[in-house]
Amino acid sequence: MTESDTATDPAATACPKCGTPVPAGARFCEGCGAQVDAGGTTPPAAAPPADPVDAATDDLGDAPISAPTRRPADALPDPAPAGRRPCASCGGEVGPDLYCTECGTKAPSERDHFTEQPAAWVAGVCDKGVRKHRNEDAMALLAGAEAGSRAVLVVLDGVSNSVDSDVASLAGARAAREVLRMPLPAGMGTPESRAAAVGRVLAEAAKAANTAIVAVTDPDTPNPASATLTLAVLEGTRVDVANIGDSRTYWLPDKGPGVQLTVDDSIAQEQIATGVAKEVAETGQYAHAITKWLGRDAPDISPSLGTLEVTEPGWLLACSDGLWNYASEPSALQDQIRAAGTTDPLALAQKLVDFANAAGGHDNITASLARIGPVSPPPPPPPSATTAAGAPPPPPVQNAPTTPTDEGAHD
Amino acid sequence: MAEFTTAVYQNEFLPDGGTDVNAIVTITCKGAGTAGQAGSGDAGEIVIVDTSGSMGPATMAAAKDAAQAALEEIVDGTWFAVIAGADRAMLAYPPVSSGPGMVRMDARTRQEGQAAIARFVGSGGTAMSTWLDLAGQLFASVPEVTQRHALLLTDGENRERPGRLDDAVNRATGYFQCDCRGAGTDWQVAEVRRIATALLGTVDIIPRPDVMREQFQEIMRTAMSRGVADAKLRVWTPQGAQVLFVRQVAPTLEDLTDRRTVVNPLTGEYPTGAWADEARDYHVAVRVPAKAIGQEQLAARVQLALGSDVVTQGLVKATWSGNAELTTRIDQQVAHYTGQAELAQMIQEGLAAKAAGDEAAATTKLGRAVQLAAETGNAEATTKLRKVVEVENEADGTVRLKRAVDRADEMALDTASTKTTRIRKEQPASQAPTAPPPTPADATPPAPAGDSA
């Protein structure tokens with residue numbers, strides 16, 4: 001403000017047209033209406049331009065009309081990139097040509113196997129599997145640093161008979177994550193209002209994923225990329241899920257029965273709804289035919305929603321069918337978790353992927369996990385877990401400071 | 001700025017327990033520009049003419065004319081000098097006895113250089129070691145010159161104590177490049193080839209004086225078109241692997257295996273000299289420890305480096321497979337150049353046996369050469385072989401040695417033995433699109449068939 005003389009005598013500026021004294025910061029003369037700051041002089045610092053204290057707001061005193069509930073500071077940061085892993089064969093550095101610089105072993109592409117761990121209690125592994133030639137699964141995670149604060153798990157499974165579905169699924173996963181970076185809205189306070197507001201955000205996330213998928217699809221292809229979507233948002237004790245297709249979200253407590261939070265949009269699910277046994281339907285001819293998906297040719301991209309309060313230690317799992325094909329029942333997944341014997345989410349995700357690969361790895365495999373409860377490594381499993389299975393479960397203790405054990409967790 | 005691209009031709013599939021990987025790596029240079037104009041240093045040319053007493057009047061007249069024509073081809077601004085070689089080497093031009101022993105080419109110095117050449121008189125013997133040593137000293141007297149090339153013409157055998165020439169060649173190796181030409185038939189192909197090979201140059205016979213001018217012009221034109229001063233071929237191999245050999249196989253055959261210098265424990269460097277707009281093929285053979293079926297690994301990274309900058313890279317791979325259909329196939333390029341390498345060996349060994357009077361060995365080896373030349377489509381070798389042997393059956397390699405053979409034809413066959421032909425290339429299958437090459441392009445358009453060197 002080099003040319004401004006208002007700073008030296010703020011109260012005594014006169015209107016250049018009629019001479020009426022003009023208060024500092026005023027833009028027009030009270031006397032004649034002429035513009036007084038025609039030169040674009042900004043008001044001096046003494047008169048803050050903040051809108052809330054503008055004229056005619058004095059009735060409310062200093063109180064703001066509203067405060068933002070979704071502050072930028074609440075936005076969760078992206079997980080740090082995992083970086084290129086050292087050579088699996090000799091531990092040497094992998095060169096830019098994707099071969100080890102020491103032993104020449106070919107490194108798997110980062111797209112074929114990647115991990116994300118946005119916080120110590122949230123992690124996931126996305127893997128090509130054994131049989132498929134590329135990884136069309138995708139995953140995008142977010143988490144607050146404090147355990148149990150807030151986590152976002154997004155899993156997409158690209159449909160393998162469509163073009164570039166590996167590119168599309170990753171773009172979709174990241175687009176959905178972008179929508180969920182901020183805390184979910186609280187609505188007007190009532191549960192119904194919250195549910196509606198949350199539902200709208202989750203539908204937006206699905207829409208964003210769909211937009212991203214369509215954006216990377218060649219407009220001329222007769223076989224546009226398509227993908228399933230499952231996403232879970234954990235905020236404190238509340239889990240909200242949204243689903244399109246046959247990827248799934250499970251709640252798998254350390255003790256007591258687990259639950260599948262999503263309902264597949266699949267022929268198998270429709271058969272189950274009409275009374276066909278689950279194991280029959282899921283292994284039948286149309287087990288993997290989905291009735292809803294994301295992509296250019298998707299007829300309906302509104303996700304089915306679900307919600308759950310979680311108060312006990314356990315795992316929130318969002319996964320693709322590459323995992324649940326080998327462990328569809330929550331109890332079967334809980335068995336694998338128990339067998340893994342770890343509360344480190346990255347280690348467990350890797351063990352679940354290893355399990356699916358060992359079982360055949362016919363499809364791409366994604367396992368993303370958020371740990372509710374202690375994350376410290378558990379003691380070694382009791383020597384006779386099977387004999388302990390019949391014992392009555394100890395009373396559930398919320399936020400138990402003790403490390404959970406496998407004992408009696410079986411139902 | 002020169003651009004380099006690489007293409008790899010190989011069969012990457014190895015059978016269970018297989019260890020040896022062969023690949024032909026084609027490196028192509030485009031936009032090389034002109035020698036000494038890239039900004040990395042000046043170019044220097046030295047013309048060395050044999051002025052020993054053995055040079056007959058006609059040969060001497062042709063040599064003078066050819067050397068003068070060579071100066072015409074040297075681009076203005078290039079540093080140059082002219083050496084008259086006999087028992088000892090004389091600096092014919094520029095006329096200095098101390099300080100820089102080369103001058104920049106311009107209209108005046110060209111004329112003065114040509115006048116100096118016109119004064120050449122044949123007398124004395126042949127001590128090529130002194131010629132090479134003087135050339136080295138002249139290059140060293142001008143520090144700006146970083147791209148050093150000489151053209152050497154001789155008509156006779158070296159007359160020096162054994163070992164002296166080899167020592168001089170060793171001193172020059174890696175310092176300057178030298179193309180060598182022999183006039184007439186009184187010089188030793190093996191001797192001159194040793195100089196040319198060590199100094200990354202070519203060797204050929206000038207059977208008649210009237211073709212000398214043309215050859216000198218061609219050599220100098222090629223030298224001037226080499227805008228890339230000095231490039232090295234780098235070969236990385238994995239831990240535990242062994243480089244069996246590294247050969248340049250086109251346009252000429254040069255075994256580089258023993259010329260490796262260590263870059264790091266896994267990487268060796270081989271000299272390739274200056275580059276013009278051209279393509280060169282290298283045959284790289286690597287032995288890697290066998291892996292399980294289904295495993296894939298890199299057997300070699302073949303790179304071209306300018307100083308410490310790698311400007312292009314090709315990947316040689318190994319994939320172990322249980323599919324015999326894949327593993328028994330021999331890559332066409334590898335087969336072709338393996339045949340060409342054997343062809344050169346058979347010609348050189350056959351002529352040596354003939355010279356030693358071992359007619360049986362000469363007949364067998366030259367017969368095999370005839371067979372290989374036909375199989376690999378080397379028409380030039382076939383033509384030259386037919387001047388030395390009567391071919392009874394080309395496919396079987398049955399031949400008879402000719403009784404009366406023009407010595408020049410024999411020498412021409414010898415000097416041309418390392419020239420190879422190319423065959424049509426398909427798009428290399430071994431370059432995976434996922435491997436990011438350090439250069440924008442990673443493929444070479446198919447070379448025309450029969451592109452003789």
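## Confidence in chain A

Chain A of this predicted model has an average pLDDT of 80, and 78% of its residues score at least 70. Within chain A the confidence is highest in strand 13 (residues 314-319), at a mean of 97, and lowest in helix 8 (residues 385-388), at a mean of 39.

Two stretches of chain A call for particular care. Over residues 1-11 of chain A the pLDDT is below 50, and this stretch has 13 contacts in the model beyond near neighbours in sequence. Over residues 378-411 of chain A the pLDDT likewise stays under 50, and here the model has 41 contacts beyond four places in sequence. Where pLDDT is low, the predicted coordinates should not be read in detail.

## The two chains in outline

Chain A has eight helices and 14 strands, and buried residues make up 40% of its 411 residues. When contacts in chain A with a separation of 6 or more are considered, 63% of them are accounted for by residues 24 or more positions apart.

Chain B has a secondary structure of eleven helices and 20 strands, and 49% of its 453 residues count as buried. Of the contacts in chain B between residues at least 6 apart in sequence, 76% join residues that are at least 24 apart.

## Where the chains touch

Ten residues of chain A and ten residues of chain B are in contact with each other across the two chains. On the side of chain B that touches chain A, strand 17 (residues 296-306) of chain B gives the most, with four residues.

How many of the seven residues of strand 5 (residues 137-143) of chain A are buried? Seven of the seven are, so strand 5 of chain A is largely enclosed by the rest of the structure.

Strand 5 of chain A is joined by seven bridges to strand 6 (residues 150-158) of chain A, and the two run antiparallel. Within this pairing, A:Leu142 stands opposite A:Val152 of strand 6 of chain A. The two strands form a hairpin with six residues between them, and in the turn A:Gly148 has a positive phi of about 80°.

## An open sheet in chain A

Six strands of chain A form an open sheet, in which the order is 3-4-14-13-9-10 and the pairing is antiparallel. At its edges are strand 3 (113-119) and strand 10 (259-260) of chain A, each of which pairs on one side only. Strand 10 of chain A pairs with strand 9 (residues 248-253) of chain A over two bridges in the antiparallel sense, and the bridge partner of A:Trp251 is A:Val259 in strand 10 of chain A.

Another strand of chain A, strand 8 (residues 238-244), holds A:Arg238. With 14 other C-beta atoms within 10 Å, A:Arg238 is partly exposed. Although A:Arg238 and A:Glu309 are 71 residues apart along the chain, their C-alpha atoms are separated by 4.6 Å. Leaving aside neighbours within four places in sequence, A:Arg238 is in contact with A:Thr307 and A:Glu309.

## A helix with one buried face in chain B

Helix 2 (residues 107-118) of chain B has twelve residues, which at 1.5 Å a residue should span 16 Å, and its end C-alpha atoms are 17 Å apart, which agrees. Which residues of helix 2 of chain B are buried? They are B:Gly113, B:Ala116 and B:Ile117. Seen down the axis of helix 2 of chain B, the buried residues fall within an arc of 100°, so they line one face of the helix.

The buried residues of helix 2 of chain B pack against helix 1 (57-73), strand 5 (79-85) and strand 6 (89-93) of chain B. The face of this helix turned away from its buried side carries the exposed residues B:Ala107, B:Arg108, B:Gln111, B:Ala115 and B:Ala118.

## A loop residue in chain B

B:Pro209 lies in the loop between strand 10 (203-206) and helix 6 (212-224) of chain B, and with 19 other C-beta atoms within 10 Å it is partly exposed. B:Pro209 and B:Ala58 are 151 residues apart in sequence, yet 6.9 Å apart in space, C-alpha to C-alpha. Beyond its neighbours within four places in sequence, B:Pro209 is in contact with B:Ala58, B:Thr59 and B:Ala62.

Conventions. Residues are numbered from 1 along each chain as its sequence is written. Chains are lettered from A and ligands numbered from 1 in the order in which they are written. This is a predicted model: local features need pLDDT of at least 70, side-chain atom pairs count only at pLDDT 80 or more; totals for chains, interfaces and linings use all residues. Two residues are in contact if their C-beta atoms, placed from the backbone, lie within 7 Å. pLDDT is the predictor's confidence in each residue, from 0 to 100. A residue is buried if 20 or more other C-beta atoms lie within 10 Å of its own, exposed if 12 or fewer, and partly exposed in between; C-beta atoms are placed from the backbone. Two strands pair if DSSP finds at least two bridges between them. The expected span of a helix is 1.5 Å times one less than its number of residues. The arc is that of the directions from the helix axis to the C-beta atoms.
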